[in-house]
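Subject: Handing over the structure

Hello,

Here is the structure I promised you. Please open it next to this email and follow along.

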Amino acid sequence: MSVERSSPNFVSTGIFALRLIWRADPRRFAAVLAVQLVTAIGLAVSLLLLRHVLGVGLAAGTDVGAAGRVVLPGLLVVLAVQAAGSVLRSISQGWQRVLAVKTDQHLIDQVLRSAGRADLASYDDPGFYDRLQRAIFASRSEPITLVTGLAVFLRAGLGLIAVAGAFLALAWWLLPLCLLSLLPVLVTARKERDARYRLHTSLAENRRGREYVERLLTSRDDAKEIKALDLGGTLRDRWSRAYREEIRLTIEVHRDHLRRGIAARLLSDGVTAAIVAAGWLLVHRGLIDLATALAVLTALLLLSLRMKATAFLAGTLGDTLIYLADMRKFVEVPDEDEPAAAAPNDDGFATLTADRVSFAYPGAGEPVLRQISLTLRRGEVVALVGSNGSGKTTLAKILAGLYSPTDGQIRWDGVPVRDKASLRNAAAVVFQDFIRFKLAARDSITFGRPEQPPEAAATIHAAQRAGIDQKLENLPAGYDTPLSAEYVGGVDLSLGQWQRLALARAFYRNSPYVILDEPTASLDAQAEADLFDRVRDLFAGRTVLLISHRFSNVRRADHIYVLENGEILEHGTHDSLIAEAGRYAHLYHLQAEAYAG
Ligand SMILES: Nc1ncnc2c1ncn2[C@@H]1O[C@H](COP(=O)(O)OP(=O)(O)OP(=O)(O)O)[C@@H](O)[C@H]1O
């Protein structure tokens, strides 16, 4: 878990935020900015006009006619400017709402893109999940505050400049004095923000854990086991404990800040009071006259009130920016894949080789694969066998371009594969824990080739080869039926039917290289036998890497590699391995005897 010590750079995050809003909707953003500017100019004009009108009014004394000629039109102009300002602000509020929704969409889109671009290895890193969780938090909760906060802050800031401009001619030295009175408040606000940010970052893992329990308690997929085990109460207790911890730490931070905040405010008001007292002393000693002193003090009060309001808004905006900085850290990570260096021909590769490949999961000390060398040839079925945890799936993921080896090389046709993306493009993988899309049945198949428009004939053909076509045709809406009872008209499939659908996706992908990780674990005996009888026909001309614990299927492979503790223990054909009477022969006989017995 990473805990950031202090809040991020506000200038660069601010520029990042402005760019985000701009990209979301440049025209509306420009319009909202223009309204803030125009209303601030309106305020400055009103103040100057008011000062002029009052001056003329006071100078005219009892000459009501002379005063009326200037005062009345002047006041009417001030009122008209104010009314125009209100209308503009109302229009701007509507624009701000749309802008906030568009910024929201743009932000979430950035986070989703980055999550999609991230290397699979990132998903093994707890720090990645913390960053992702904080980025999602920022993108879900901050855009509205950002847009409205920015508009209000701009108006307040420009308004402050307008007021300062109107009064500074009277006493320029008011500005540093106001800033001095504001200093304690600004310093404590910064400290509080840092503390809150530290809390926010330190709580990321706790929140992820809590959200995971929430999902367990509410997801349909987990409901059966949670209910069967009567785990609801236990999980809710865990969830409450995690929440209580978050509340305890939040109270701690805010209690700390409360003391500091009150002290800072008292100090700030004390400085203002000292300025007032100094003014009074100057009047008392006859150094300035009372009228000037009163005018200066009124200006001081107005200015410091506006400054405090602007500082408060800046604080709110600052809070938003620290969360956006999290999101920025997440989305500005460069693409992790190296650029394409070599790609197989259209009809794939002749050989794919792992050359002394080792691999350790991020954060894990011990490598799970050590010095693995193997070769897959076009048209061959190559099998990987080995006990649980020996590294078969990990090796398959490396050969599928999902992980980079920590040591050694993958080569096709002798050329080192530097970009995992081209390896991924060439492979179709059926994982043992395949995904079950709660979408239309058709999507489950056509997602095999997402870069091309779906083809109905190829979809049916793939379903036929996987032996799921009849089932899909008979669904209420055929291939368009949603595959989940959570949707109206939706239907659930059996595990074996889901596995056939995963196979159909691999057939549809039509890639030169296929990885089947326990592809028949959920198939019935007949379907399993059919698949292995036909595997060479079904994947004719392609390279198949098969992982299986069923030796009756494995024995038909052209070459078999036996993995043990991340190393290749032995390899050869079924006959040569049986003749070797090693580990493979032992496991094969064990299974064969169990059946025979
Ligand atoms: N994401 C991960 N992060 C850290 N370690 C992992 C990860 N995935 C797997 N491992 C570890 O790597 C080792 C090899 O796992 P792998 O899934 O490759 O084994 P396998 O041979 O496919 O096992 P099985 O036959 O049970 O499917 C195991 O010890 C496992 O604990």
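Helices (H or I, at least four residues) and strands (E, at least two) are DSSP runs, numbered from the N terminus. This is a predicted model: local features need pLDDT of at least 70, side-chain atom pairs count only at pLDDT 80 or more, and totals for chains, interfaces and linings use all residues. Residues are numbered from 1 along each chain as its sequence is written.

Start at Ala264. Ala264 sits in helix α9 (residues 232–284). Is Ala264 buried or exposed? You need the cut-offs to tell. A residue is buried if 20 or more other C-beta atoms lie within 10 Å of its own, exposed if 12 or fewer, and partly exposed in between; the C-beta atoms are placed from the backbone. Ala264 has 21 other C-beta atoms within 10 Å, so Ala264 is buried.

What does Ala264 touch? Its contacts are Pro184, Val185, Val187 and Thr188, leaving out residues up to four places away in sequence. Contact here means that two C-beta atoms, placed from the backbone, lie within 7 Å. Now look for Asp124. Ala264 and Asp124 are 140 residues apart in sequence, and their C-alpha atoms are 45 Å apart in space.

**Annotated stretches**

The UniProt record, an unreviewed entry, marks "transmembrane region" at residues 29–50, 70–88, 144–164, 170–189 and 287–305. UniProt positions are given in the numbering used here, feature names are shortened, and annotations may be inferred rather than shown by experiment. Over residues 29–50 the model is 100% helix and 0% strand, with end C-alpha atoms 32 Å apart. Residues 70–88 are also 100% helix and 0% strand, and there the end C-alpha atoms are 27 Å apart.

Ile161 belongs to helix α5 (residues 143–168). Ile161 is partly exposed because it has 16 C-beta neighbours inside 10 Å. Ile161 and Ala40 are 121 residues apart along the chain, but 8.6 Å separate their C-alpha atoms.

The unreviewed UniProt entry also places "domain: ABC transporter" at residues 352–590. That stretch is 36% helix and 24% strand, and its end C-alpha atoms are 32 Å apart.

**Two domains**

The protein is divided into domain 1 (10–331) and domain 2 (351–596). These bounds come from an automatic or database domain assignment. How far apart are the centres of domain 1 and domain 2? Taken over C-alpha atoms, 54 Å separate them. Five residues from domain 1 and six residues from domain 2 make the contact.

**Two cores**

A nonpolar core is a set of buried Ala, Val, Leu, Ile, Met, Phe, Trp, Tyr and Cys residues joined through C-beta atoms within 7 Å. The largest one has 69 residues. Among those with the most contacts inside it are Ala383, Leu399, Ala504 and Ile560. Helix α16 (residues 495–509) gives this core its largest share, seven residues. Ala504 touches Ile445, Ala462, Ala463, Ala466 and Ile468, again not counting residues up to four places away in sequence. A second, separate core has 40 residues, including Leu107, Leu132, Ala135 and Phe330.

**Around the ligand**

A residue is near a molecule if its C-beta atom, placed from the backbone, lies within 6 Å of it. The residues around the ligand include Asp124, Tyr361, Ala364, Val368, Asn388 and Lys392. Which helix gives the most to this shell? Helix α11 (residues 392–399) does, with three residues. Six of the eight residues of α11 are buried. They are Lys392, Thr394, Leu395, Ala396, Ile398 and Leu399. Just after α11, Gly401 takes a positive phi of about 75°.

Most residues other than glycine have a negative phi, and most peptide bonds are trans. Gln371 is not a glycine, yet has a positive phi of about 50°. Gln371 is in strand β2 (residues 369–377). It has 15 C-beta neighbours inside 10 Å, so Gln371 counts as partly exposed. Asn510 also has a positive phi, near 55°. Asn510 lies in the loop between α16 and β7 (513–517). Asn510 is partly exposed too, with 15 other C-beta atoms within 10 Å.

Best wishes
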